[in-house]
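Hi,

Here's the structure I promised to pass on. Have a look at it first, and my notes on what turned up are just below.

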Amino acid sequence: MKNSILLNFTKRSLSANKTRTAVSIIGVLLSTALICAVFTTVTSIHAAMLKRTIATEGSWSAMAQHVDPKKVDTLVANEHTKAAATSTVLGTTQLSGDAYTRSDNGTFQIRTLPQQLKGTADAANSLTITPAIKTGAYPTQTNELALPERYRDVHFTDANLWSDEKITVGSTIHVNLSDSTSNADNTAGDTATNTQIHSYTVSGFYETAIPFYGNSLIASDNQLVALASSNSANYTTKGRGMAWFELTGFSTQDELTSFVESTLGTTNTDSADDAADGTSHDAHTDTADITRTIFHTNLMRYQALRGRSVNWDALWNFGLFLAGIISVASIVLIYNSFAISVAERTRQFGLLSSLGASKKQMRRCVYVESLLIGIIGIPLGIAAGICGVAVTLQVAKQGFAVLLNSSGSETVTLSVSGFALALTVVFELAVLLIGAAVPALRAGMQSPMSAIRQTADIKMNRRLTRKITSKTRSLYARFAGVAGTLSSRNLSRSSSRGTTIVVSLAISVTLIVITGSFIRTLLPLIEAQNSYSDADLVINLYSNKKQSALESAKTLERIDSTIAGLTRQESDLTFQVPASMDASSLTDAMRAYLTSTSYTDIPPSDYSYYNKDSNTFVSALSVHVPSQATWDKLAQKYTVDKAQGALVLNSLVTTIDEKRQLLEPFNALNNMHLYTWSSDNSLYLLLNAAGQIVVPLYPDEQPSAGKDGTDQAQATNSTATEPSSADAHATAEPNYVPLDSLGDKITKHSITSIAHVKNLKSEAPYLAQESSSNLVMYMAPELAQKIMASSNEFKNPIIYVYYTAQNSAKATEALTDALNAAGLNNDVYEGSYEIFDFSTYRRNNQLVTQTMLLFLLLFTGIMVLIAIANVFNTLCNSMMLRTREFAVLRSIGMDEKQFNRMVFCECLSYALRGLAVGAVISIGAFWLFWKFVLTTADLSSMGTSFTTFKLPLSSLLDASICVVVVLILSVIYALRKTRSTNVVEVLRNEVI
């Protein structure tokens, strides 16, 4: 009976103050929506990342290479194995030289297409990535092969691999193949090798990619991999090849790896990351012949398998962190709402206590009230959160496609998880119960007599007396007279209520300032990234075995004018050359950097790049040679010689105390000396202890005679031999020869017309605008030709050509087709060119920025709404609780002007204190963000704007305006509700 009475009492109290109840429900709804949105976004991103990983890397959990077939069968039969497939090695042959592989000692290997062992055909085929066929078809007969696209129209002439003509679809190749078959019954793993000549018909050419072990069927280190039909061989009989497994039923990575290792009996294991970068084995080990197991750690990161570098944990931890912030703001809202509600009903709780209600029952009234609000607010919030995420993901789908590095339509789609919804409910129930806990305790502690008398609000003590009579309070009296005096005493008498309002305002200020500061930090970064170049397309030309970059440039010049909508804007030829200069031209910061332990380019012992005694500095320069028209503009702007002048970029990316930052290396650079020599190898300069410039020479670089005509090789190294292979540098110690002793082998180029610049964006908008960790020089074309002609070292420079395009995608396609038809190629290993679509890059950056800002603004907007609802609820209800006081003041003669002045003084106090507290907290939080994020992150592309801390004044101004607006609206609403009351109505309500 009592419980029914108390429940009815709770319902009546909710309906009695509809405004407070509605604001509380809205607060719970917003809080639930935001928490649900955070968790749903996390699950949606995880689902998309998992889908993307499977699409680009395969669904395999473990890959075994050259493992005993019997053990493979054991793992396939296990209930943990969902799907399995193999690729069998038919044979291998050694190739001579580097004509068909990236370096010497390459091999030609034939593997079968995936062979299904377990699971559906689709599941087995999706375990690893099979390259797409560009020309022809996959092999279906045992005498057919598919080759990499880069070998189309190539004539094989190797002793172990040859063809009768240039290879096309239908051509025949001949292979002197070593057919290696593992002896599964031999525990030593011996192999039986038979060498035979096999002839195969080329059925097609597959798309060349950079393959990694496990992720790709064509994974290799230095191999030409050919694909045979899946029925060409069987792993059970051959025992050589790769087997992929999709495994389920594990909760940790260690549990999965231990199970696989114990089943297959392999101890030589890697992660996919280690296999990709080649760090897991000795450099001289051929990983194609290793018996090992590789685990797909990238996939495990999105499958909730606890272990090393688990992105599942990282994203959920971030989501829980955001949910915690939301919960704190929501708890404050719920607490304020119920604290005011309990204070308003002090008399009612006293009456309930006098009628026999226990403390537990009165506390239960408050908890039931919070649960009733939650019953309405939580379902609505979950629905709003899911709908909000769905709409946001749809709006930002292009940005997410870029973030997923998806070239197609793959993006983040809505994924609703029962776990995420349950976690949302748990969080919000905790918010409601925690927020209502203190008010519930206060309700249960009310005694009948004190509640009825309501004398607690007017008890005086010495501390309160001092506050009321302090000089600070007298300022209110001077400003607003009697109304000011009343407002100061109200503030002192109801300090706890004022503190609640101030805390609410401070939280709002902190949220607005932090978010605004973050946005103002993010936007310049994106703008800096998009200012790299104004070009839409950039083509990089490289030298390869077939032709040099200079020859490719001539071919490109004939072709690009035929492409519709494509306009050449700029060209840039680059090479590196060593230089020396007077160290007095360096800034103090640069000299300090060169002598510090932070200088990462560490020279050999007893040698350096900067010598204080000789006041000399040596360094390699990255030289850029723009078009003649662009150079003429630059030379005129910076008053340097058009034929022999140069500009040095006065910006250097350095690492000081493990922090990346920009440094200005020069203060007054007037001249510089560049050095070239007749050798094909790069010239490298150092300073010895005496400050003399020396050149490290290896045995294959020793000149035949020195300046004095003596045999320089004998003078420096009696064991010097004739020029050897590239391995000479790795097997011999260099001799450090004085530069002057090399005589006419060295050509010295002195530049006296020189200036240093910070940025060339206005004069050369299409040139790449980026600071580098190397010193950068822009050189006159005439001077560059003179320097390049003096050494064979510069016969293979890199050339960049910049274009604008009406449609960058169509122009890229047309230009690629035209260049390939002219004999150039963009192969990932031996390509002669690369095309970069800067227009799409800028668009993608903009999409990513918009996506980030969209989520940030939505999060901030809802958080600010929660804070505003908190302030509005607190201020309005605190005003309504004073209905009796306001009615009495009006009844004794206070006019409207004095009344408004009193309220204005109180609100001014709240605003100033809230802004002050919020400003201190937000500035402290932003300083932590600057200290531990901005100063440690690599923001060198943004300039020096974040090397010193700056107050977020713009965000503080935004917060001040927002606080003032909220206060005005809250007070106007509250005063309208109280203005119609009079003392008779109030007293009658008090009695009732």
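Phe575 and Phe794 are both buried. This is a predicted model, so please read everything here with that in mind. The two rings make a tilted aromatic pair, with 4.9 Å from centre to centre and 50° between the planes. Phe575 sits in strand S15 (residues 566-582), while Phe794 is in the loop between helix H23 (781-789) and strand S28 (798-805), so their pairing ties together parts that are 219 residues apart in sequence.

In total there are six aromatic pairs. Another one of them is Tyr151 with Phe156: the ring centres are 5.9 Å apart and the planes meet at 50°, so this pair counts as tilted. Tyr151 and Phe156 are buried too.

The other thing to look at is the second largest pocket, which has a volume of about 1,700 Å³. Its lining takes in 44 residues, and the closest to the centre are Phe318, Leu322, Phe855, Leu856 and Phe859. Several helices give two or more residues to that lining, among them H9 (311-344), H17 (495-530), H25 (838-880) and H27 (896-934). Which helix gives the largest share of the lining? That would be H2, with ten residues.

And what is the lining of this pocket like by class? There are 37 nonpolar residues and seven polar ones, with no charged residues.

Cheers

Key
Residues numbered from 1 in each chain as written. Predicted model: local features only at pLDDT ≥ 70, side-chain atom pairs only at ≥ 80, totals over all residues. Heavy atoms only, no water. Phe/Tyr/Trp six-rings, centres within 6.5 Å; stacked < 30°, edge-to-face > 60°. Buried < 20%, exposed > 50% of the residue type's maximum accessible area, 1.4 Å probe, protein only. Helix = DSSP H or I, 4+ residues; strand = E, 2+ residues; numbered from the N terminus. 1 Å grid on protein atoms, 1.4 Å probe; cavity = no way out; pocket = protein on both sides within 12 Å on 5 of 7 lines; lining within 4 Å. Points joined across faces, edges and corners; volume = space filled by probe spheres on them. Nonpolar A, V, L, I, M, F, W, Y, C, P; charged D, E, K, R; others polar.
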